[in-house]
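Trainee: I'd like to know what the words in a structure description really rest on. Could we go through one together?

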Amino acid sequence: MNVLVTGADGLLGSNIVRELLMQGHDVRVILQPGKSSVTLDGLNIQRFTADILQPESLKIPLAGVDGVIHVAANTSIWPPRSVIVRNVNIEGTINVAQAALRAQVKRFVHIGTANSFTPGTKEQPGDESTDYSCARFGLDYMDSKNEAQNQLLSLVQSHGLPALTVNPTFMIGPFDSTPSSGAMIVNLYRGKIPGYTPGGKCFVHVRDVAQAAVNGLSMGTIGQSYICGNQNLSYREFFALAAKVM
């Protein structure tokens, strides 16, 4: 397939691009104007400059594309209320989806977040049948990702968009250039984390999520959402495991 990836130079996007190439797909990526994308250096891909908030800029990158994996998102949680976060995550997602409809793509894989469902416990983990419950935190990141997912899936019903969503939990792994989640591991290595809070996360390797996203081009049910997680660990358990490896 000829596949377009948005947000291709981030932690997940960089791994998705490599998974696509490994599986023999032709890969196009959308990059932000003027941004250095060192995680994609040396890869055999087509690069396009576009802005997902400018629908007209998406026409050329999407021409002749079979599938889209939409990764691009603003993951900032500070400030908690942010117009740009909502614009990128909601308006940007719908712009890409509508451009994909016009291009008549065969499959649209949207990267959501497991936060769009109610979290469970280690003994009884949450699943895709639960409702969104994170509005109480007052974070536009979580709210906007959930709203974008809902709007996207409504396009499946109203306009026949061939879309599904992959909803990762907390990802760690290579090509985390910012770093994002890797900052926690770096700080642990440098001795800057003096303790841990109660609770924990569902951790998953970013390559597993990348494989799930690419599998979504040919597997899964249109209109469905799939949580992509691996191991539920308390912060104490995760820090102990990471420290042992280090």
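Trainee: Which residues lie nearest the centre of the second largest pocket?

Mentor: Of the 13 residues lining that pocket, Ile172, Leu233, Phe238, Leu241 and Ala242 are nearest its centre. Keep in mind that this is a predicted model, where local features need pLDDT of at least 70 and side-chain atom pairs pLDDT 80 or more, while totals for chains, interfaces and linings use all residues. Residues are numbered from 1 along each chain as its sequence is written, and side-chain values use heavy atoms, leaving out hydrogens and water.

Trainee: What makes something a pocket, and what makes a residue part of its lining?

Mentor: On a 1 Å grid over the protein atoms alone, a pocket is an open set of points with protein on both sides within 12 Å along at least five of seven lines, and a lining residue has an atom within 4 Å of a point.

Trainee: Which element gives the most to the lining of the second largest pocket?

Mentor: α7, with 4 residues. β8 (200-205), β10 (231-234) and α7 (235-245) each supply at least two. These names come from DSSP runs numbered from the N terminus: helices are H or I, at least four residues, and strands are E, at least two.

Trainee: Why are α1 and α6 called oblique?

Mentor: The axes of α1 (residues 11-22) and α6 (residues 206-215) cross at roughly 60 degrees and come within 8 Å. Under 35 degrees counts as roughly parallel, over 145 as roughly antiparallel, 65 to 115 as roughly perpendicular, and the rest as oblique. So α1 and α6 are oblique to each other. The residues in contact (heavy atoms within 4.5 Å) include Leu11 and Ile16 of α1 and Val206 and Val214 of α6.

Trainee: Which residues does the cis peptide bond with omega about -5 degrees join?

Mentor: Trp78 and Pro79. Pro79 sits in the loop between β4 (67-70) and α3. From Thr178 to Pro179 the peptide bond is cis too, omega near -10 degrees, and Pro179 is in the loop between β7 (170-172) and α5 (182-189).

Trainee: What is the phi of Gln104?

Mentor: Near 55 degrees, a positive value in a residue other than glycine. Gln104 is in the loop between α3 and β5 (107-111).

How values were computed. 1 Å grid on protein atoms, 1.4 Å probe; cavity = no way out; pocket = protein on both sides within 12 Å on 5 of 7 lines; lining within 4 Å. Axes fitted to C-alpha atoms, helices over the stretch in contact; angles between N-to-C directions.
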